[in-house]
Amino acid sequence: LYLKVLNFYDRHYNYKWLAKRITGHLDTREDKILRLFHWTHETIKPQPESLPIMDSHVWDVYVRGYGVSDNFHDLFSTLCNYIGADAFFTALYVRDTRSINMSFVRIKRGWVVFDPYNGIYFRNNTGDLATIEEIIEQNCHIVKLSQTDISKAYYEQYIVENLPRIKKFSSKLIRANIQSPINRLR
């Protein structure tokens, strides 16, 4: 039990250190969120097929430097919580049971959507981060961090019908939020 608690605190302080190292030079929360998004997409690599899938602590994704889709989302949303931004990720499904993971982060104007695995996010027609409502109303365009064949049409099958309208949010049992000791005790 002692080692488990010690390791938990070690990971907690490492998350704080990493989030500050990545975003410490930035002033606004939105800039920090975007920097964490870019950093996650650029730093973590897709898992090689020859290696077994590892499902362990979020910190291990950073240490390994690679992961599957939900590992990217887990690390990104955890780091967002460490800069004080409510964040979580979930799978969005279409009727034939295919799914994609999407990360949701709260900013002043509402919840915004990211896919750090594919390096995709959305901006509205005025250039701001697109909120869920703007995406549903299709008042947005896709932004890609790297060359990919993925288009806005690919996401539309998941997001137009299945994007959650988040009215009330409780981060008590969200994995990305319970990495800190205080939140875990709550």
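The model is predicted, and local features need pLDDT of at least 70, side-chain atom pairs count only at pLDDT 80 or more, while totals for chains, interfaces and linings use all residues. Residues are numbered from 1 along each chain as its sequence is written, and side-chain values use heavy atoms, with hydrogens and water left out.

Trainee: In which helix is confidence highest?

Mentor: Confidence here is pLDDT, the predictor's own score for each residue, from 0 to 100. Over the chain its mean is 86, and 87% of the residues reach 70 or more. The lowest mean, 56, belongs to helix 7 (residues 181–185), whereas the highest, at 97, is found in helix 2.

Trainee: How many helices and strands does the secondary structure of the chain come to?

Mentor: Both kinds of element are DSSP runs numbered from the N terminus, helices being H or I with at least four residues and strands E with at least two. Along the sequence they follow the pattern α-α-β-α-β-α-β-β-β-β-α-β-α-α. The count comes to seven helices and seven strands.

Trainee: What share of the 186 residues in the chain do buried residues make up?

Mentor: A residue is buried under 20% relative accessible area, exposed over 50%, and partly exposed in between, using a 1.4 Å probe and protein chains only. By that rule, the buried share of the 186 residues is 45%.

Trainee: Within what arc do the buried residues of helix 1 fall, seen down its axis?

Mentor: The buried residues of helix 1 are Phe8, Arg11, His12, Tyr15, Leu18, Ala19, Ile22 and Thr23. The arc is taken from the directions from the helix axis to the C-beta atoms. On the other side of helix 1, Tyr2, Leu3 and Lys20 are exposed. The buried residues line one face of helix 1, because seen down its axis they fall within an arc of 135°.

Trainee: Which elements are included in what covers the buried residues of helix 2?

Mentor: Helix 2 (residues 29–43) has 15 residues and reaches 21 Å from its first C-alpha to its last, close to the 21 Å expected, where the expected span is 1.5 Å times one less than the number of residues. Its buried residues are Ile33, Leu34, Leu36, Phe37, Trp39, Thr40 and His41. Their cover includes helix 1 (2–23), helix 3 (58–64), helix 4 (69–82), strand 4 (99–107), strand 5 (110–115) and strand 6 (120–124).

Trainee: Why is strand 5 largely enclosed by the rest of the structure?

Mentor: Strands pair if DSSP finds at least two bridges between them. Strand 5 runs antiparallel to strand 4, with five bridges joining them, and antiparallel to strand 6, with two bridges. Strand 5 is largely enclosed because the number of its six residues that are buried is six.

Trainee: Which residue takes a positive phi in the hairpin of strand 5 and strand 6?

Mentor: Phe114 has Tyr121 of strand 6 as its bridge partner. The hairpin has four residues between the strands, and the one with a positive phi, near 70°, is Gly119.

Trainee: What relative accessible area does Gln138 have?

Mentor: Gln138 lies in the loop between helix 5 (132–136) and strand 7 (140–144). Most residues other than glycine have a negative phi. Gln138, although not a glycine, has a positive phi of about 60°. Gln138 is partly exposed, and its relative accessible area is 41%.

Methods. Contact means heavy atoms within 4.5 Å.
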